[in-house]
Amino acid sequence: MDLRQLRYFLSVVEHGSFTRAAEASGRTQQALSKGISALEQQLGARLFERGSRQARLTDVGRLLLEHARPAHDAVRRFEDRLQELQTGAEGQLRIGTGPSTAGSLVAPAVLALRRHWPKIGVHVSGGILPELLPSLLARELDAVVALHTFGDGDPDPRIHSEVLMHDEYRVLASARHPLARQRAISPAQLLQQVWIFGRRLGAVEAVFRQRFHAAGLEPPLNTMESGSPEFMRALIGEGGHLTLLPSRLAHAELLAGDWVKLDAPGFAWQRPVMVHTRDGEPQSAPLARLLQALRNAAAQARTR
C-alpha cells in the first residue's frame, strides 16, 4: 500500500462518507474510490461495507485503522521535521479560535511565541467551538482556543481540555441606549427591547431563557441572530439593540465608553475559556510552546 491510499482511507473514516472525504481532500469522489478499491485489492479484503450511505468499516477495515493512524502520524511528523531541516523552520502550528479569544488571548500568545521562535509557522482559523472541534479530531488543527458555552456533559475522551481563564457573559448596549444609565433593570424591561445574538450560545442561551421563566415571563421573541461580529457591532452601535456577549469580545468598545454593561441583576454568567488538544498524543515542541504562551497570555489578561 502507498501513503496516498492510506490517507484516502483515513479521510473516509474521519468524515464518515466518500462524498465528504472527497470534498475535504480536494479530490473527486471517483479518484478517492479508485484509490480505496486499489488498496482493497492489495489486501484481498473489503475495508468498508457496501450498500450503506455511511462508510462503515468491516473487521479488516477496523484492523487497518488500528495501525493506520499511528503510521500516518509518524509519517507526518517525519515530513514536518524534514521540512524544518530543509527550510530552517521551527515547526508548524494550526490553531482554531473562537471570536472572543482571537484578539484577547490567541493574538498575544502568538506574538509572544514568534518573538522567541520567529521561524514557527502559524495558521489561524476562526469559528465557533462546535465547528472547530471536529477539525481538531480530523488533525486539521493542532489546538482549539475558545470560550466554552455548552453544558458540562460527558467530555470527549479523545480531547484534552485545559481551562485558561474565565470570561463573563453580560447584557451589553450602546452608551446611547435608553437603559444605559438605569439601575436594577428588571426582566420585564429587558423583554421590551430588541435583541441580536451570536450563533449557538448553548448553555448561556438556556440560562438566559430560564431567567425570564423564573420571573414568570416568556423570553424575548423579537430577536435576531448573526455570525458576523461586524454586523452585530453596527446594530449595537446605532443605539437600539441589546446583545448578550462575553465581555472580552467587546473589550475595546467598553474601554472606549461606546458600550456599557447593563445593570441587570441575574443576567451575568461566567464561562471557562479553554484550550483543547488531542488526548494521548505526544506534544510537538511548537505545540508545547504555544500552550505555555497561552497560559502566560491568560495570566496577563486576568490582571487587566
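R139 is buried, with a relative accessible area of 16% (buried means under 20% relative accessible area, exposed over 50% and partly exposed in between, with a 1.4 Å probe and protein chains only). The model is predicted, so local features need pLDDT of at least 70 and side-chain atom pairs count only at pLDDT 80 or more, while totals for chains, interfaces and linings use all residues. Residues are numbered from 1 along each chain as its sequence is written, and side-chain values use heavy atoms, with hydrogens and water left out.

R139 lies in the loop between α6 (129–137) and β3 (143–147). Helices (H or I, at least four residues) and strands (E, at least two) are DSSP runs, numbered from the N terminus. Apart from neighbours within four places in sequence, R139 is in contact with E14, R69, D73, R76, R94, R278 and E281, where contact means heavy atoms within 4.5 Å.

The chain as a whole has 11 helices and nine strands. Its C-alpha trace spans about 75 × 50 × 30 Å along the principal axes. Of the 304 residues, 42% count as buried. Among contacts with a separation of 6 or more, 76% are between residues 24 or more positions apart.

Strand β7 (residues 241–246) is mostly covered, and six of its six residues are buried. H241, T243 and L245 point one way from β7, while L242, L244 and P246 point the other way. Two strands pair if DSSP finds at least two bridges between them. Strand β4 (residues 159–174) pairs with β7 in the antiparallel sense over five bridges, and V171 has L244 of β7 as its bridge partner. Strand β5 (residues 194–197) pairs with β7 in the parallel sense over two bridges; here W195 stands opposite L242.

Turning to the helices, α5 (residues 99–116) and α11 (residues 285–302) pack at an angle of about 125°, with their axes 8 Å apart. Axes are lines fitted to C-alpha atoms, for helices over the stretch in contact, and angles run from 0 to 180 degrees between N-to-C directions. α5 and α11 are therefore oblique to each other, since angles under 35 degrees count as roughly parallel, over 145 as roughly antiparallel, 65 to 115 as roughly perpendicular and the rest as oblique. L105, V106, P108, A109 and L113 in α5 meet R289, L290, A293, L294, A297 and A298 in α11. By class, this contact has 10 nonpolar, no polar and one charged residues (Ala, Val, Leu, Ile, Met, Phe, Trp, Tyr, Cys and Pro count as nonpolar, Asp, Glu, Lys and Arg as charged, and the others, Gly among them, as polar).
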